[in-house]
Amino acid sequence: MNANNMARTVVADREEIVEGPNPLGLEGIEFIEYATSKPQALGQVLETMGFRPVARHRSREVLLYRQGDINIIVNAHSSGTALTEKPVIAAIALRVRDAGAAYRRALERGAWAVPVHVEVMELNIPAVHGVGTSRIYFVDRHKEFSIYDVDFTPIPTVDQRPPAIAGLHFFGIVQYIGNDRTEDWTEFYSALFGFSALPPEERFGILPKGRILRSPCNSFYLQLIEPEPGVLDVEDDECLQRMGLGTPDVQATVAQLRQRGVEFVASKGAQLDSRGALT
Amino acid sequence: MSQFEGNIDDFGMDTISLAGPLKGKLDAIRDAGFSQVMLLARDLVQHPNGWQAAVQEVKDSGLRVTGFQVLRDFEGLSGHLHEYKIDIAKSMLEMCSALGCGVMLACSSTSTHATGETSALVRDLRKLAMLAIPMNIKIAFEALSWGRTINEFPQAWDIISQADMPNLGLGFDSFHLFATKTPLDELEMLDPDKIFLVQLADFMWNEIKTVEERISTARTFRVFPGEGVHSEALAELTLKLHQMGYRGDYSFEVFNDDYQQMPLATVAQRARRSALWLGEGVLRRSVPLPNQMRLRR
């Protein structure tokens, strides 16, 4: 007990190093995973948007779609829970400096670990529970080699690096939350991952409501949206609702995608293309 | 029970006041006109058909679950003891979530193995609250009057304020407040939105001198508000909380060995009398209109 106290005093005497603004060394989104029982329907939508199926998972019914730097995984492998026809965002993978360290840091602060089910010779990607049934993966070494080389077999004859249409890139994710839950989720993303809330006057996006959190690497955003006033009892429906893609020139991109057969949801004052209506 | 007999919607019973299996307790509480119940983890795990069956029984009863109790001796531990308590906390949160209950009660540590260092207490409570965020559960932290480091609510409030988590707030038990004779003026510094639960109980003596006596009274001989010698103080407390803007639930935290050997309906009627006294006599709640929508706050 005494020795313990001594040790503590010694530690306390040292200068405290304040944690940096990007504690995990976050560098954007590695992939977003959709789960659906109709993978081909979703795949078709993705293809009209310019994605290409580039690889297939070694042991499960999972496809990797890609364009530019955007990776989307379509998972039709039901493990225990029944998949719905409507695609849902099942996971986000964050690029971090050190996946193990990021994972341990999150657990240390009260995240729930996701038990991993890896087959032999597959990567053990650490994950914590996010909103609803979704998971948040930590991926490192994304520069040196591709995580997909291990778990996926490339589809022959397909260009493994299809270029992005009109410079499309990940821009944000919209999360629907329950009543009075904005503060809870803001705390969750800021304490565990280093996100920070934008002041209300600095807002953008096609839906001017909710709260926007900026990633510590400044490369993407999370938008938290509470239900409309008057809608009660929706706590069970918290989920990652849709993803938003960014482009340098919205009008040109829209025109290009229209040509490819993408139907846009008409709405007034749309500034950024955020097509979550993937159904 | 007709709604015209009085408004006791703000008050709920605690299963610890009643003897026997869960189903009988739920029936007695509902039959006495209550709309909510405070549950113990033991109520679920003792169920002969497993805890999921107990959850279903609670849901079928139509009673709203005021809160789920109690996580003990959580904060201030280190190493394997801390890891162990985290597992216990997770397990309780899972049961709480399955009940659709939004508040879990944690009471201050009595463990001699726990440190009293503020920074460690703050860190652990932050972690507990973080675990509860994805499940939409609020943590009500209560100062046990025989807690080792935290034994009065102003100390608990201090830790809660430092932890600064949106879903970490105060659980308030009138028994402990009266036992330690904490002045009511201290309530002034609380943020009413951060009081997540108020538990009320009375007892039969004016003063509790020793800690041992405090523990044995707390665990065996509490009575419903209005039945003991602290009725006036309880009335003052609830009025004060109301004036401050507290609009949350009140639960009767009445441990009593005698009630454990009385018919459930008799005990529930005593609780009802107590709720009517507080609801009608003290807080003067108006009778709800037919089909009135109940707001969340």
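**Helices and contacts in a two-chain model**

Mentor: Welcome! In this predicted model, helix α1 (residues 22–31) of chain B packs with helix α10 (residues 264–282) of chain B at an angle of about 40°, their axes being 9 Å apart.

Trainee: Thanks! Is α1(B) roughly parallel or oblique to α10(B), and what makes it count that way?

Mentor: Angles under 35 degrees would count as roughly parallel, and 65 to 115 as roughly perpendicular. The angle here is about 40°. That is why α1(B) is described, relative to α10(B), as oblique.

Trainee: Which residues of α10(B) make the contact with α1(B)?

Mentor: Start from the α1(B) side, where B:Gly24, B:Lys25, B:Ala28, B:Ile29 and B:Asp31 take part. The residues of this contact divide into five nonpolar, one polar and two charged. Across from α1(B), the residues of α10(B) are B:Leu264, B:Ala265 and B:Ala268.

Trainee: Where is B:Met13 found, and is B:Met13 buried or exposed?

Mentor: B:Met13 is found in strand β1 (residues 11–14) of chain B. A residue counts as buried if 20 or more other C-beta atoms lie within 10 Å of its own. B:Met13 has 31 other C-beta atoms within 10 Å, so B:Met13 is buried.

Trainee: What separates the C-alpha atoms of B:Met13 and B:Lys25?

Mentor: Along the chain, B:Met13 and B:Lys25 are 12 residues apart. Leaving out residues up to four places away in sequence, B:Met13 touches B:Ile29, B:Phe34, B:Val37, B:Phe252, B:Ala268 and B:Ala271. As for B:Lys25, the separation between its C-alpha atom and that of B:Met13 is 9.7 Å.

Trainee: Is the crossing of α5(B) and α6(B) left-handed or right-handed, and which residues of α6(B) meet α5(B)?

Mentor: The crossing is right-handed. From α5(B) come B:Thr118, B:Leu121, B:Val122, B:Leu125, B:Arg126 and B:Ala129. The residues of the contact divide into six nonpolar, two polar and one charged. On the α6(B) side they are B:Ile159, B:Gln162 and B:Ala163.

Trainee: How far apart are the end C-alpha atoms of α5(B)?

Mentor: Take 1.5 Å a residue: the 15 residues of α5(B) should span 21 Å. The model agrees with this, because the end C-alpha atoms are apart by 21 Å.

Trainee: How many residues of α5(B) are buried, and which helix of chain A do they pack against?

Mentor: α5(B) is mostly covered, with 11 of its 15 residues buried. Among them are B:Asp124, B:Lys127 and B:Met130. In chain B the buried residues pack against elements including α4 (79–98) and β4 (103–107). From chain A, the helix is α5.

Trainee: Which helix of chain A gives the most to the side that touches chain B?

Mentor: In this interface, 14 residues of chain A are in contact with 12 residues of chain B. Five residues of the chain A side come from the helix that gives the most, α5 (residues 182–193).

Key:
Residues are numbered from 1 along each chain as its sequence is written. Chains are lettered from A and ligands numbered from 1 in the order in which they are written. This is a predicted model: local features need pLDDT of at least 70, side-chain atom pairs count only at pLDDT 80 or more; totals for chains, interfaces and linings use all residues. Two residues are in contact if their C-beta atoms, placed from the backbone, lie within 7 Å. Helices (H or I, at least four residues) and strands (E, at least two) are DSSP runs, numbered from the N terminus. A crossing is left-handed if the near helix is turned anticlockwise from the far one by less than a right angle, and right-handed if clockwise. Ala, Val, Leu, Ile, Met, Phe, Trp, Tyr, Cys and Pro count as nonpolar, Asp, Glu, Lys and Arg as charged, and the others, Gly among them, as polar. The expected span of a helix is 1.5 Å times one less than its number of residues. A residue is buried if 20 or more other C-beta atoms lie within 10 Å of its own, exposed if 12 or fewer, and partly exposed in between; C-beta atoms are placed from the backbone. Axes are lines fitted to C-alpha atoms, for helices over the stretch in contact, and angles run from 0 to 180 degrees between N-to-C directions. Angles under 35 degrees count as roughly parallel, over 145 as roughly antiparallel, 65 to 115 as roughly perpendicular and the rest as oblique.
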